[in-house]
Amino acid sequence: MILPIITYPDKQLKTRSLEVTNFDGLLHRFLDDMYETMMSSNGIGLASIQVANPIRAIILCIPDEDGKQHKENLIEIINPVIHTPRGNVLYQEGCLSVPGFYEDVERYESLTLHYQDRHGEPCVLHATDLLSIAIQHEIDHLEGKLFIEKLSYYRRKKFEKEYKKAQKEKK
Ligand code: QAP
Ligand code: CO
């Protein structure tokens, strides 16, 4: 089932998401719905709060060299914790909850992630490149933070102006 995606400036996106404790069929069906929702909107990552469910669950499907996404590369990440972040990189990010806007954001270059899978099994993952960046973007959602909050005052102003204009043109 494709779920509606909440977009900025909806206040729900500021919610801090809560730890997942039940790794049951309901969670599994919800993760499947998240995947369908993300793929139907051409996303590479989605946090649960973006579909109005404030739980600490994110999904990622990083495209291959040809830009194609494969279900085998889907990673479901529950209750994530970042360990040993290293280095810094700039990457032009976007967000399904901030449609049509992209800006450079600074992130850690690599990190180790501790998390649980859909069955509650503990997992560890070493991430670099786009995967590392996407993990940080999605974990920010779990804290109620959007990438636009990391912009300088000037670039944030520019965003607010452009975004409002684009919204008016949509209506
Ligand atoms: C988060 O973002 C991310 O504006 C995932 O019109 C961002 O999937 C991870 C999207 C940067 C790594 C690097 C955005 C689709 C998708 C849009 C997305 C849009 C259509 C964003
Ligand atoms: Co996002």
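Analyst: An oxygen atom of ligand 1 lies 3.0 Å from an N or O atom in the side chain of Tyr 102. That is a polar contact, meaning a pair of N or O atoms within 3.5 Å; within protein, one must be able to donate a hydrogen and the other to accept it, and residues adjacent in sequence count only if both atoms are side-chain atoms. The backbone takes part too. A backbone N or O atom of Ile 44 is 2.8 Å from an oxygen atom of ligand 1. A polar backbone atom of Gly 100 is 2.8 Å from an oxygen atom of the ligand. Taken alone, ligand 1 exposes 500 Å², and the protein buries 85% of that (Shrake-Rupley method, 1.4 Å probe; for residues, only the protein chains shown count as cover).

This is a predicted model: local features need pLDDT of at least 70, side-chain atom pairs count only at pLDDT 80 or more, and totals for chains, interfaces and linings use all residues. Residues are numbered from 1 along each chain as its sequence is written, chains are lettered from A and ligands numbered from 1 in the order written, and side-chain values use heavy atoms, without hydrogens and water.

Now the wider shell. 19 residues surround ligand 1, each with a heavy atom within 4 Å of it. Gly 43 and Gly 94 are among the closest. By class, the shell has ten nonpolar, seven polar and two charged residues. Here Ala, Val, Leu, Ile, Met, Phe, Trp, Tyr, Cys and Pro count as nonpolar, Asp, Glu, Lys and Arg as charged, and the others, Gly among them, as polar.

Which element gives the most to this shell? It is α2, with five residues. Helices (H or I, at least four residues) and strands (E, at least two) are DSSP runs, numbered from the N terminus.

The protein donors of the cobalt ion (ligand 2) are Cys 95 (SG), His 137 (NE2) and His 141 (NE2), 2.1 to 2.2 Å away. Donors are N, O and S atoms within 2.8 Å of the metal (3.2 Å for Na, K and Ca); water is not among the atoms, so sites may look incomplete. Cys 95 lies in the loop between β3 and β4 (103–116) and His 137 in helix α2, so the pair ties together parts 42 residues apart in sequence.
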